[in-house]
Amino acid sequence: MSPKEINFQELFDSKIEDDVRIEPKDWMPEAYRKTLIRQISQHAHSEVVGMLPEANWITRAPSLNRKLILLAKVQDEAGHGLYLYCAAETLGVTRASTIDDLHSGKAKYSSIFNYPTLTWADIGAIGWLVDGAAILNQVPLCRTSYGPYARAMVRVCKEESFHQRQGYELMLQLCQGSPVQKEMAQDALNRWWWPTLMMFGPKDEESSNSELSMKWRIKRFSNDELRQRFVDVSIPQIEFLGLTVPDPDLKFNEETGHYSFGEIDWDEFWDVVKGKGPCNKERLDARRDAHNEGAWVREAAMAYQEKRSLRESQKRKQA
Ligand code: BYC
């Protein structure tokens, strides 16, 4: 068949239908490419901004072991950001342009990282709840239709699993400790529970990207499906800790076999997404400062690369 006779759209549709991964050099609809660049780069920004609330506690971790665990976790998040920026680059954008979009406020990052980490228990709550939510969202992404994104997610999920366990273990230790420690754990749960439910995104009927993302098998489950799954798995964990869910409307529904829960404060969610959360300004300022302060490293790496290329081309000429 000559290239003229190939119907690229049909070929793409049949690959999606048969669960064959789309790879960087394959033809893809422009809207598919755009939505992937949007999601993958926002995912990368979330990983990198997500280092900030936890990094705030590295110097104050209560023991050497806790410090080592937290350092390893925060480094993992940096690695996740790098795999994801690389995956976005395979779609034809530069890392510099995606980072500029974060710094200018054009690109989003997860709402959850715009809340402050007030006590040590917040580090447990983030690992347990935020990474727990991330796992539920990201395990299906290991089967997402775009190859480089799916492959990046495999390693990310393995690391998230360690993050979730260390967070739960930290909470368990606090809950088995003194009354003040248990109170600290309850307070962290009270503050992180609702923002974690918001992480899954708006309700399905308000999720503007879902229809196409589901059709293209970028997303395999809807925002509400994953949110429900998160509530169902978390409630027994909360009960085991001996803590109380900060939701008076939470009830187990015998008929559906799922927990029903109270209404999320969607005004708060959209305020945070639009930049009006408690820490949005602080987070973006910290990222911009880190980028500016790291300019000399990027310049030095480029200068070294130029010198090396020059040396190699001179050697080739002499040979
Ligand atoms: N925060 O149509 P929808 C981590 C935006 S990091 C802010 O449902 P979609 C970790 C959405 O972008 C894990 N914005 O969107 C790191 C869209 O606006 P645009 C982060 C949100 O894409 C360090 C609009 O609302 N995980 O785990 O179909 C330490 C309408 O939404 C949010 C990922 O990034 C939000 N929460 O579904 C610890 C996973 N939710 O873009 C832990 C990959 C929605 O049209 N991403 N918006 O202007 C996804 O799976 C999907 O993008 C989402 C949203 C489920 C998040």
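## Ligand site and nonpolar cores

A backbone N or O atom of S111 sits 2.8 Å from a nitrogen atom of the ligand. This and what follows are read from a predicted model. Of the 1,000 Å² that the ligand exposes when taken alone, the protein buries 91%. Polar atom pairs between protein and ligand include those below.

| Residue | Protein atom | Ligand atom | Distance |
|---|---|---|---|
| S111 | backbone N or O | nitrogen | 2.8 Å |
| K219 | side-chain N or O | oxygen | 2.6 Å |
| Q42 | polar side-chain atom | oxygen | 3.1 Å |

The shell around the ligand numbers 36 residues, and K108, S111, S207, K219 and N223 are the closest. By class, 14 of the shell residues are polar, 13 nonpolar and nine charged. Helix α2 (30-49) contributes the most, six residues. At least two shell residues each come from α2, α4 (64-89), α6 (121-138), α7 (147-175), α8 (179-199) and α11 (266-276).

The largest nonpolar core contains 51 residues. Within this core, the residues with the most contacts are W128, W192, W193, F230, I235, I238 and L243. Two or more core residues are supplied by each of α4, α6, α7, α8, α10 (223-241) and α11. The largest share is that of α6, with nine residues.

Apart from neighbours within four places in sequence, I235 is in contact with W193, V245, L250 and Y259.

Note on methods: Residues numbered from 1 in each chain as written. Predicted model: local features only at pLDDT ≥ 70, side-chain atom pairs only at ≥ 80, totals over all residues. Heavy atoms only, no water. Near = heavy atom within 4 Å. Polar contact = N/O pair within 3.5 Å; in protein donor to acceptor, adjacent residues only side chain to side chain. Areas by Shrake-Rupley, 256 points an atom, 1.4 Å probe, with all protein chains shown as cover. Helix = DSSP H or I, 4+ residues; strand = E, 2+ residues; numbered from the N terminus. Nonpolar A, V, L, I, M, F, W, Y, C, P; charged D, E, K, R; others polar. Core = buried A, V, L, I, M, F, W, Y, C linked by side-chain atoms within 4.5 Å. Buried < 20%, exposed > 50% of the residue type's maximum accessible area, 1.4 Å probe, protein only. Contact = heavy atoms within 4.5 Å.
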